[in-house]
Amino acid sequence: MKYALTGGIGSGKSYVCRKLKEYGVEVFDCDASAKRLMRSCHKLQEQLSEAVGQDVFPDGQLDKAALAQFLLASEENTKVINGIVHPAVAKDFRSSGMQWMESAILFEADFRHNVDKVICVSAPLETRVERVMERDGISREKALEWINRQMSQEEKERLSDYVIVNDGTADLDRQLEELLEKIKHE
Ligand SMILES: CC(C)(COP(=O)(O)OP(=O)(O)OC[C@H]1O[C@@H](n2cnc3c(N)ncnc32)[C@H](O)[C@@H]1O)[C@@H](O)C(=O)NCCC(=O)NCCS
Ligand SMILES: Nc1ncnc2c1ncn2[C@@H]1O[C@H](COP(=O)(O)OP(=O)(O)OP(=O)(O)O)[C@@H](O)[C@H]1O
């Protein structure tokens, strides 16, 4: 069986992944894979430069701010970048042979069919905004821009098989132990 952890930006997926590691569960990180591939794959670099403009790889290095600016400028732009990057990430996951993946945009990226079960990590909107502002040193407006570029948390929860509440007060260890116990019997 293969599993995906999803949830919007700031819900705490990476935090939950670190906890899962304590339980012996290793999770493939789609964000990290996308960055690795954009650094190393010449074909991806060419496609991105063509779509965004040469300034996305000044002197061969990915300019994250330039890519983020292009991505957030319109939904059409997000689709263009996703269409270039996501098939490569999906391939990378399949060839990793790993059982778990973490992706903020599992449904948007059409990654759902790569796994059997989906676990959504959720937190209240305000908590997510504050976490992202603090973690990334960005404004409330910028944090909300990212949130608005993703499917709503309610929709993600509806499409998932399990929900983990990571609001800072609910007991995460208990939820993860229960989840791991449940999926053992699936
Ligand atoms: C724009 C980039 C360079 C910003 O990098 P940075 O290190 O500042 O942020 P990071 O990668 O940690 O992303 C933070 C969060 O933004 C959100 N996000 C990233 N890409 C996307 C996207 N295409 N659509 C919606 N949300 C996204 C996710 O919640 C993600 O976890 C980077 O996010 C990126 O390359 N995105 C495009 C590739 C992609 O779609 N990655 C997502 C996993 S496949
Ligand atoms: N239960 C928690 N208690 C304390 N801090 C938390 C908790 N959950 C998340 N955080 C913190 O909130 C921030 C955002 O969490 P994290 O990076 O795990 O989110 P994410 O869902 O992986 O976001 P992204 O979509 O950007 O990858 C991090 O700095 C993290 O350490």
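This is a predicted model: local features need pLDDT of at least 70, side-chain atom pairs count only at pLDDT 80 or more; totals for chains, interfaces and linings use all residues.
Ligand 2 first. There are 14 residues around ligand 2, and those that come nearest are Gly 12, Lys 13, Ser 14, Tyr 15 and Arg 131. Two elements give two or more residues to this shell: helix H1, residues 13–22, and helix H6, residues 125–136. H1 gives the most, with 3 residues. Sorted by class, the shell around ligand 2 holds 7 polar, 4 charged and 3 nonpolar residues.

Now H1 itself. Which residues of H1 are buried? They are Lys 13, Val 16 and Leu 20. Looking down the helix axis, these buried residues fall within an arc of 60 degrees, so they line one face of H1. The face turned away from that buried side carries Arg 18, Lys 21 and Glu 22, which are exposed. As for partners, the buried residues of H1 pack against strands E1, E2, E3, E4 and E5, and against helix H9, residues 172–184. After H1 comes Gly 24, with a positive phi near 85 degrees.

Next, H5, residues 75–96. This helix has 22 residues and spans 30 Å from first C-alpha to last, close to the 32 Å expected at 1.5 Å a residue. H5 bends by about 35 degrees at Gly 83, with Pro 87 following within four residues. Val 85, Val 89 and Phe 93 are buried in H5. The buried residues of H5 pack against strands E2 and E3 and against helices H2, residues 30–40, and H3, residues 42–52. Just after H5, Gly 97 has a positive phi of about 75 degrees.

Key
Residues are numbered from 1 along each chain as its sequence is written. Chains are lettered from A and ligands numbered from 1 in the order in which they are written. A residue is near a molecule or strand if its C-beta atom, placed from the backbone, lies within 6 Å of it. Ala, Val, Leu, Ile, Met, Phe, Trp, Tyr, Cys and Pro count as nonpolar, Asp, Glu, Lys and Arg as charged, and the others, Gly among them, as polar. A residue is buried if 20 or more other C-beta atoms lie within 10 Å of its own, exposed if 12 or fewer, and partly exposed in between; C-beta atoms are placed from the backbone. The arc is that of the directions from the helix axis to the C-beta atoms. Two residues are in contact if their C-beta atoms, placed from the backbone, lie within 7 Å. The expected span of a helix is 1.5 Å times one less than its number of residues. The bend at a residue is the angle between axes fitted to the seven residues ending there and the seven starting there.
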